[in-house]
Amino acid sequence: MEKEVFVINGLSGEKKLSGSISINGAKNAALQAFAFCLLFKDAVVLKNVPEIEDVKNMVTIFQTMGVEVNRKSKGVYAVKVPKKISTELPKEISKKFRASIVLTGPILARFGKVSFPHPGGCVIGSRPIDVFLRGFEKLGAKVDESAEGYSVVAQKGKLRGNKLFLRIPSVTGAQTLMMAAVLAKGKTVIKNAPLEPETKSFADFLNSCGAKIKGAGTSTIEIAGTGPLVARGKFYMTPSDRIEAGSFLILGAVAGDNLEIKNCNPEDFEALIETLNHCGVKMDVGNNKIIVSANNFENYKTADIKTHEYPGFPTDLQAPMVVFLSQALGEALVFETIFEGRLNFVNELIRMGADIRLWDPHRATIKGPSLLRGREVESPDIRAGLAFIIAAIIANGQSIIHNVHYIDRGYANIEERLRCVGVDIVRQKI
Ligand code: EPU
């Protein structure tokens, strides 16, 4: 496969980016939306779907399994599930694309069985699936594990509602079990459910199509099983991506001169907004946009960060926040509580000149401000990749960012959107 890199000429600390960046539909909402289409008898139209690699992977999985996906126009997909589909997730692609696991719940509930490969670990951590498997068993399925992966079968072909307490408020775990419960017989109660806004958005849509889900967005969710849903032409509007918006807000704080982040929902990332306010970043927060004024690094204070489930500080914004902290005055502790591999990227930032000490896989201290120097760096995952882009933009000199395919998994046309606000970035084949 041909490899690509981003070549970025840094601003050497100047605050130059201006204009506006529009936020796309949320990756993690769109991926679940494809999964919930499996609950429907008729075609479901998904709108505002980001045109990212993860969506392409999801579409490929669907097509391999016999689900009809029709891309009607940019960001608009119609999904129709025929009476029979393969209940086996294709191995190679599902293994490298972990979000595919959300398909297991609705497939099991609708077709009575599902098999899938071991999702394995990934660069951000070991990522076990015990919450999913335990949930399936409590809903009356039998789980068999082999060297190949898992085979899960609903007893007598039908799941039965039950009380579930999630050991961890796993986002995809809860969503998978919620979808399964919609087609199960009887009532399911999920306690210790995650509060992420994407979960509420999909429950609202399913309810408008006949589902009976109460409490989504709170820690106890009740689902009365209803059987397959009907969309009757209703469409799901993917909410705007709070992680993309938050990342661009951080970019605006370190490099913006009146940078507007539009089509976002600031209520979805208040933890970041409040933290940046505390650090002294001046911004104007509206209902669906934020304008970051020209700020002076010299005035920024640090803040300790502890990643937390929603509405706490999101793990997906931890990497860009570390770049911000490298520009603020003083020392900050970043405590990554969700994933054990998500601080490793700091070694590349250290090579760029950041003063960071990694104490253990979960804790790092960052002393600022540091003048960053352009370097050749390898992006280890989606979110760290964007953090490197931000670091390269503020750095002195040229940076080359490898593993662009990770960044493409989560951010559509990132280089064009950044060029429009004044970033000197090109994509090159190597
Ligand atoms: N966990 C378990 N057992 C399980 C499930 C999770 O121990 O059965 C642990 C995980 O290992 C992790 C913690 O629980 O330490 C939280 O994981 P969670 O299941 O909530 O994460 P996820 O559902 O796999 C989603 C997003 C991630 C985001 C996290 C946390 C999707 C497709 N992925 O992952 O997004 O970081 O929630 O908010 O929605 C990204 O977009 O870059 C990304 C990784």
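Modeller: A residue is called buried when its relative accessible area is under 20%. The model is a predicted one. By that criterion, F36 and F40 are both buried.

Biologist: What do F36 and F40 form?

Modeller: F36 and F40 form a tilted aromatic pair, with 6.3 Å centre to centre and 45° between the planes. Both residues also belong to one aromatic cluster, together with F202, F205 and Y236.

Biologist: How many aromatic pairs does the structure hold?

Modeller: The structure holds 11 aromatic pairs. One of them joins Y300 and F324, a tilted pair at 5.0 Å centre to centre with 35° between the planes. This pair links distant parts of the chain, 24 residues apart: Y300 lies in the loop between strand 16 (289-292) and strand 17 (305-306), and F324 lies in helix 10 (residues 318-325).

Biologist: Is Y300 buried or exposed?

Modeller: Y300 is buried, because its relative accessible area is 2%. F324 is likewise counted as buried, at 0% relative accessibility.

Biologist: Changing topic, how many residues of helix 4 are buried?

Modeller: Six of the eight residues of helix 4 (residues 104-111) are buried, so the helix is mostly covered. The buried residues are T104, G105, P106, I107, L108 and A109. Just after helix 4, G112 adopts a positive phi of about 85°.

Biologist: And the surface: which residues form the positive patch?

Modeller: K156, K158, R160 and K185 form a positive surface patch. K185 sits in the loop between helix 6 (171-182) and strand 10 (187-191).

Biologist: Why does K185 count as partly exposed?

Modeller: K185 counts as partly exposed because its relative accessibility is 48%, and that class lies between under 20% for buried and over 50% for exposed.

Technical notes:
Residues numbered from 1 in each chain as written. Predicted model: local features only at pLDDT ≥ 70, side-chain atom pairs only at ≥ 80, totals over all residues. Heavy atoms only, no water. Patch = residues over 30% accessible without salt bridge, like charges linked within 9 Å, V, L, I, M, F, W, Y side chains within 5 Å. Areas by Shrake-Rupley, 256 points an atom, 1.4 Å probe, with all protein chains shown as cover. Salt bridge = Lys/Arg side-chain N within 4 Å of Asp/Glu carboxyl O. Lys, Arg positive; Asp, Glu negative; His and termini not counted. Charge placed at Lys NZ, Arg CZ, Asp CG, Glu CD. Helix = DSSP H or I, 4+ residues; strand = E, 2+ residues; numbered from the N terminus. Buried < 20%, exposed > 50% of the residue type's maximum accessible area, 1.4 Å probe, protein only. Phe/Tyr/Trp six-rings, centres within 6.5 Å; stacked < 30°, edge-to-face > 60°.
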